Amino acid sequence: NKRIAVLTSGGDAPGMNACIRAIVVASEGKGHSVIGFEHGYNGLLSADWRKLDSKKVHNIIQRGGTILRSARCKEFKEEASARLAAKHLDELAIDALLVIGGDGSFHGARHLANYWNGDVIGLPGTIDNDIYGTDATIGYYTAIETAMDSIDKVRDTADAFERIFLVEVMGRHAGFLGACAAIAGAANYVILPELFKDTQTTLDNIHQQLAIHRQRYGHESFIIVLTENLWPAGISDLATQLETLTGGEVRPVTLGHIQRGGSPVSQDRMLATLLGVHAVKCVEEDKSGIMVGVHNNEPVEIPLEQTWENKKALSSPLTHTMLTMLNERHHWGLG
Ligand code: ATP
């Protein structure tokens, strides 16, 4: 029987609890034991852990956040930290460490594997979906839902005042969340990192798109979705520039951390469960240095390095068609 440890690291995402639960329940069913380290890699360094069993993970599948807490831990990049973590894991006779997090957290897992003989396995948990090797990441679907709901609400007020609204969504440096929120929320324009040329081209495109919109519908509301970290001088600058350009009021709305919260939608719970159960299977097979992901609804395994050496592409024929519908005058250059 295996002794398994789990931690959640980096930005928290809805569904991390569902994943912890799946790992614990699947392990228990096979006679393995599980402990959880608190506060990401910090818990590995301070040996802050607790035993997890099915009773402890009862009634958490629907809860956002993570019962183990998440954190950043800068010093984990150092060799001494990895050695200390390895020492603590050995003292606890752990066979495998499962890390639920984003690509930063996978770097951490890989780093630890250089100094520890146990198995390390990553599970993708981030609302940004920016991890190569998996169709989706835990938390992504819930974040789309939250952003879409917010766009719906913004539209109600935008319609009432016939205003232009700018909605900034998360995504770090990837447009998955922005693209899906814009498509599902029927935004009128979307600005994504994968398709961004420069500020002037974007302003020109929006201006054209707005003219078409006004000709067709009169002075109706117009909603633009923008991915965070993209507009060089920030969302307020874009709003000001658009006000100058259009002569109308432009209201910026930053959704921020509400996109990280909330009860996970069913797709995130299913994904978290699939990945958790598969990770336990990988532990039984003594696999290490891999991330478990999903492709076409089937679990897949890929080396951790590949998750950051490759960049996941936003483009697909379907996304292309849907995005073209949104920004009709824009030449996307998508494949
Ligand atoms: P998200 O993208 O959702 O924020 P993430 O896992 O990418 O999640 P990061 O803050 O990049 O979040 O990384 C989380 C933690 O992983 C860091 O605080 C650090 O402890 C560890 N980590 C990141 N990069 C490395 C590295 N190169 N070596 C060792 N540890 C690392």
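This briefing describes the sheets, helix packing and ligand shell of the structure above. The model is predicted, so local features need pLDDT of at least 70 and side-chain atom pairs count only at pLDDT 80 or more, while totals for chains, interfaces and linings use all residues. Residues are numbered from 1 along each chain as its sequence is written. Helices (H or I, at least four residues) and strands (E, at least two) are DSSP runs, numbered from the N terminus.

- Strand 4 (residues 96-101) and strand 5 (residues 119-124) run parallel and are joined by six bridges.
- Opposite isoleucine 100 stands leucine 123 in strand 5.

- An open sheet of four strands has parallel pairing and the order 7-8-6-9.
- Its edge strands are strand 7 (189-191) and strand 9 (250-254), each of which pairs on one side only.
- The twist in this sheet averages 20° from one strand to the next.
- Strand 7 runs parallel to strand 8 (residues 222-227), and three bridges join them.
- Isoleucine 191 has leucine 226 in strand 8 as its bridge partner.
- Helix 8 (residues 235-246) lies across strand 6 (164-169), strand 8 and strand 9, and runs at about 160° to strand 9.

**Packing of helix 7 with helix 8**

- The axes of helix 7 (residues 199-217) and helix 8 come within 11 Å and cross at roughly 50°.
- Helix 7 and helix 8 are therefore oblique to each other; angles under 35 degrees count as roughly parallel, over 145 as roughly antiparallel, 65 to 115 as roughly perpendicular and the rest as oblique.
- The crossing of helix 7 and helix 8 is right-handed; a crossing is left-handed if the near helix is turned anticlockwise from the far one by less than a right angle, and right-handed if clockwise.
- Leu203, Ile206, His207 and Leu210 of helix 7 make the contact with Gln241, Leu242, Leu245 and Thr246 of helix 8; two residues are in contact if their C-beta atoms, placed from the backbone, lie within 7 Å.
- The residues of this contact comprise five nonpolar, three polar and no charged; Ala, Val, Leu, Ile, Met, Phe, Trp, Tyr, Cys and Pro count as nonpolar, Asp, Glu, Lys and Arg as charged, and the others, Gly among them, as polar.

**Packing of helix 5 with helix 6**

- Helix 5 (residues 140-161) packs on helix 6 (residues 176-184) at an angle of about 45°, with their axes 9 Å apart.
- This angle makes helix 5 oblique to helix 6, and their crossing is right-handed.
- Tyr140, Ala143, Ile144, Ala147, Met148 and Ile151 in helix 5 meet Phe176, Leu177, Cys180, Ala181 and Ala184 in helix 6.
- The contact of helix 5 with helix 6 has 11 nonpolar, no polar and no charged residues.

**Packing of helix 1 with helix 9**

- The axes of helix 1 (residues 16-29) and helix 9 (residues 266-284) are 8 Å apart, and the helices pack at an angle of about 40°.
- That makes helix 1 oblique to helix 9, with a right-handed crossing.
- Among the residues that meet are Ala18, Cys19 and Ala22 in helix 1 and Asp268, Arg269 and Ala272 in helix 9.
- The contact of helix 1 with helix 9 divides into 10 nonpolar, three polar and two charged residues.

**Ligand shell**

- The ligand is surrounded by 19 residues, the closest being Gly10, Gly11, Gly102, Gly104 and Gly108; a residue is near a molecule or strand if its C-beta atom, placed from the backbone, lies within 6 Å of it.
- Helix 4 (residues 103-113) gives the most to this shell, with six residues.
- The shell around the ligand divides into three nonpolar, 11 polar and five charged residues.

How values were computed
Two strands pair if DSSP finds at least two bridges between them. Axes are lines fitted to C-alpha atoms, for helices over the stretch in contact, and angles run from 0 to 180 degrees between N-to-C directions.
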